[in-house]
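Biologist: I would like to learn how to read salt bridges in a model. Please take me through some cases.

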Amino acid sequence: MTEEAGTGMKVIVFGATGMVGQGVLRECLRDDRVAQVRVVGRTPIGQHHPKLTEIVRDDLYDLSPVAADLAGYDACFFCLGVSAAGMSEADYTRITYDLTTAVAGTLAEVSPGMRFVYVSGSGTDSTEHGRMMWARVKGRTENALLAMPLDAYMFRPGFIQPRHGITSKTGWYRTLYKITGPLYPLLARIPGLATTTDQLGRAMIHVAIAGAPTRTLTNRDINALP
């Protein structure tokens with residue numbers, strides 16, 4: 001990676017307005033090993049930093065008009081995602097599978113071999129045939145990414161505790177985190193149960209720089225990384 005040559009790593013972040021994406025972006029801006037951060041999304045994130053540039057685009061399914069601006073990056077942190085609650089499989093597939101693979105396909109064309117870190121979820125079904133709709137779709141998405149000419153890693157976090165003022169955009173998630181926040185020290189004692197937004201961000205940066213022993217990382221693996 002370029003970081004090893006002393007020039008710093010260049011990363012792209014999708015989903016920087018969500019809870020996980022906010023945490024990843026915060027750690028990227030704080031980490032001296034990351035030299036440049038390009039955020040891609042539908043709305044401005046409202047932050048300014050010497051490392052930070054933005055591409056604001058309504059249609060993320062077709063990145064061909066901005067593909068040249070995405071070339072030459074070392075890693076992509078793909079943090080876009082939605083809850084499957086109340087969604088049909090077709091709608092959830094369009095957002096989860098179609099969007100993710102469209103973005104990854106563009107990046108594979110302009111920067112083949114780029115390290116691509118995908119935020120999936122605990123319980124994802126790699127067989128694609130389980131009973132849980134969201135798990136099947138996530139599994140199909142992971143399998144597609146692993147088949148692309150990218151150096152792809154799947155992060156499967158379970159419970160994630162937001163920190164440093166980071167919040168979820170989903171109302172019932174915010175309520176849940178208010179309740180569990182005081183309990184996090186107890187939850188953290190159970191190996192592999194929980195992680196935090198800052199630990200998740202640091203782990204993704206570590207994998208972008210150094211890789212990992214496995215292509216799929218759970219909370220236990222995430223928490224074990226520097």
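Biologist: Which side chain meets E27 in a salt bridge?

Modeller: The general idea is that side chains of opposite charge can pair when their charged atoms come close. A salt bridge here is a side-chain nitrogen of Lys or Arg within 4 Å of a carboxyl oxygen of Asp or Glu. The partner of E27 is R26, at 2.9 Å from N to O. This is a predicted model, in which local features need pLDDT of at least 70 and side-chain atom pairs count only at pLDDT 80 or more, while totals for chains, interfaces and linings use all residues. Residues are numbered from 1 along each chain as its sequence is written, and side-chain values use heavy atoms, with hydrogens and water left out.

Biologist: Is E27 buried or exposed?

Modeller: Buried means under 20% relative accessible area, exposed over 50%, and partly exposed in between (1.4 Å probe, protein chains only). E27 is buried at 5%, and R26 is partly exposed at 24%.

Biologist: How many salt bridges are found in the whole structure?

Modeller: The search finds eight. One of them joins D151 and R215, with the closest N and O atoms 2.5 Å apart. D151 lies in strand 6 (residues 151-156) and R215 in the loop between helix 6 (197-210) and strand 9 (216-218), so the pair ties together parts 64 residues apart in sequence. Helices (H or I, at least four residues) and strands (E, at least two) are DSSP runs, numbered from the N terminus.

Biologist: How exposed is R215?

Modeller: R215 is partly exposed, at 37% relative accessibility, whereas D151 is buried at 16%.
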